[in-house]
Amino acid sequence: MNNTFFIETWGCQMNDLDSQRLSGNLKLRGWRRVDDEKQAGLILLNTCSIRDKSEQKVYSRLGELRELKKKSGAQIGVCGCVAQQEGEKILKRAPWVDFVMGPGNVGHLDEVLTGSKTVAVDFPEDRRYDYLAIDRPSATKAQVTIMEGCNKNCTFCIVPTTRGREVSRTFVDVLAEVRAAVDSGRVEIELLGQTVNAYRCPESGRDFGALLSAVAEIPSLVRLRFMTSHPAEVSEGMIEAMRDHANISRYLHLPVQSGSSKVLRRMKRLYTREKYLETIGRIRAAIPDIHFSTDIIVGFPGESEEDFQQTLSLVAEIDYGSLFAFKYSPRPGTPSLKIGPPVDDEVASERLARLFDRHERMKRSRLESYQGKVLPVLYDGLSKHDPSMLAGRTDDNWVVNFVGDPATPLGTMVGVRIAHAQHHTLRGEAV
Ligand code: 5AD
């Protein structure tokens with residue numbers, strides 16, 4: 001039997017980590033990972049269904065794999081959010097697929113591989129989580145799930161269907177996993193959750209602010225980040241934890257989705273424009289030079305030019321460092337389908353372009369403001385584009401590529417003088 005596997009991962013950090021868990025589990029059982037799908041005895045597609053034509057993309061990829069399977073005989077498994085969304089339908093449309101496994105079953109891979117479950121799209125009560133069997137790709141960073149699922153039910157979003165109801169892991173489990181990761185040299189930890197700041201320990205009731213503080217105080221942990229926060233769940237405890245711990249990144253991704261209170265209500269975001277601005281103000285008062293980033297959806301059903309203008313003005317007012325924006329994409333079974341049709345595609349494209357243009361100029365001047373400064377950079381590997389340079393991140397989460405001594409141990413904090421700003425990154429020299 002060919003006990004090699006190949007994993008292809010699409011989508012968010014959660015999916016990245018699920019692939020690391022699948023890979024770690026397979027390796028524990030004697031499987032070997034390969035980078036070439038043609039060599040593999042098992043091919044896993046870890047899919048994403050957040051927007052666009054995700055289902056079609058998976059089916060067209062499966063079409064290619066059908067041909068490969070005729071030659072190599074590989075087993076094919078569809079995992080991730082499209083698996084959860086489509087379930088049985090995948091086996092009907094692509095009968096050469098061997099199993100379909102949703103995100104709730106990542107810890108139950110055994111049952112799927114032995115053939116006792118071919119469509120695993122439930123959310124088992126015991127979500128097995130073996131944190132010692134995670135195939136972490138970085139020697140200096142580790143992602144740690146603290147909660148899964150989402151109870152918010154935003155009207156545009158597929159996540160409640162694909163990742164189920166909110167479930168938090170216990171304080172004790174999270175701390176044990178972080179300690180183990182730090183002991184293995186992962187000095188940078190990123191806590192993950194679909195609504196990470198809705199975390200609540202199922203045993204003690206302690207909240208996200210308490211968890212952040214407890215994790216930040218683990219000895220030798222150099223940097224702590226987290227993703228993704230919901231604006232309606234930002235608590236004083238969370239802000240205080242960020243203010244009081246120098247190793248917590250001065251960076252917050254706080255998706256706003258729209259600057260119009262009317263659109264926010266239709267999206268069921270649970271805050272208004274004013275409330276969001278007030279939250280930003282409270283955070284800035286505590287952590288003045290924080291880097292905010294956001295997600296925005298343009299062209300949500302009923303979004304008028306006036307609504308969009310409010311998004312533009314909000315973006316200008318907040319001065320986000322980074323911004324991710326998408327055209328609204330109707331997702332199967334979501335309540336927004338009943339609100340009305342999406343905004344005309346040409347109009348939505350044009351709004352998206354205006355939004356990026358406005359933000360680009362703001363980002364440029366922000367990045368240029370770092371020129372000439374010496375910033376502490378956590379060195380985490382060679383530069384992706386130019387392997388003769390080192391790379392790392394500032395504590396406000398900007399990527400810096402720099403000239404430095406290649407003998408520097410990974411995970412060292414290096415002082416870097418910033419020479420100039422590039423498109424999304426900074427460039428400099430170690431001092
Ligand atoms: N259409 C477009 N964008 C979406 N997002 C989530 N669902 C949709 C959708 N149906 C975006 C949101 C979210 C990010 C991860 O993806 O902005 O914050």
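Okay, let's start with the sheet: three strands make an open sheet, in the order β12-β13-β14, and the pairing is parallel. A strand here is a DSSP run of E with at least two residues, a helix is a run of H or I with at least four, and both are numbered from the N terminus. Two strands count as paired if DSSP finds at least two bridges between them. At the edges sit β12 (251–253) and β14 (322–327), each pairing on one side only. From one strand to the next, the twist averages 10 degrees; the axes are lines fitted to C-alpha atoms, and angles run from 0 to 180 degrees between N-to-C directions.

Before I go on: this is a predicted model, where local features need pLDDT of at least 70 and side-chain atom pairs count only at pLDDT 80 or more, while totals for chains, interfaces and linings use all residues. Residues are numbered from 1 along each chain as its sequence is written, and side-chain values use heavy atoms, with hydrogens and water left out.

Back to β12: it pairs with β13 (residues 291–298) in the parallel sense, over three bridges. Leu 252 stands opposite Phe 292 in β13.

Now, the ligand. Which strands each supply at least two residues of the shell around it? That's β13 and β14. Among the residues around the ligand are Asp 295, Ile 297, Phe 326 and Lys 327, where "around" means a heavy atom within 4 Å. The shell divides into five nonpolar, two polar and four charged residues. For the record, Ala, Val, Leu, Ile, Met, Phe, Trp, Tyr, Cys and Pro count as nonpolar, Asp, Glu, Lys and Arg as charged, and the others, Gly among them, as polar.

What about individual atoms? A ligand oxygen is 2.7 Å from an N or O atom in the side chain of Arg 51. A ligand nitrogen is 2.8 Å from a polar backbone atom of Ser 329. Taken alone, the ligand exposes 410 Å², and the protein buries 87% of that (Shrake-Rupley method, 1.4 Å probe).

Next, charges. Side chains of opposite charge can pair when their charged atoms come close. Counting a side-chain nitrogen of Lys or Arg within 4 Å of a carboxyl oxygen of Asp or Glu, we get 34 salt bridges. One of them joins Arg 21 and Asp 18, with the closest N and O atoms 3.6 Å apart. Both lie in helix α1 (residues 13–28), three residues apart, about one turn of the helix.

Terms used:
A polar contact is a pair of N or O atoms within 3.5 Å; within protein, one must be able to donate a hydrogen and the other to accept it, and residues adjacent in sequence count only if both atoms are side-chain atoms.
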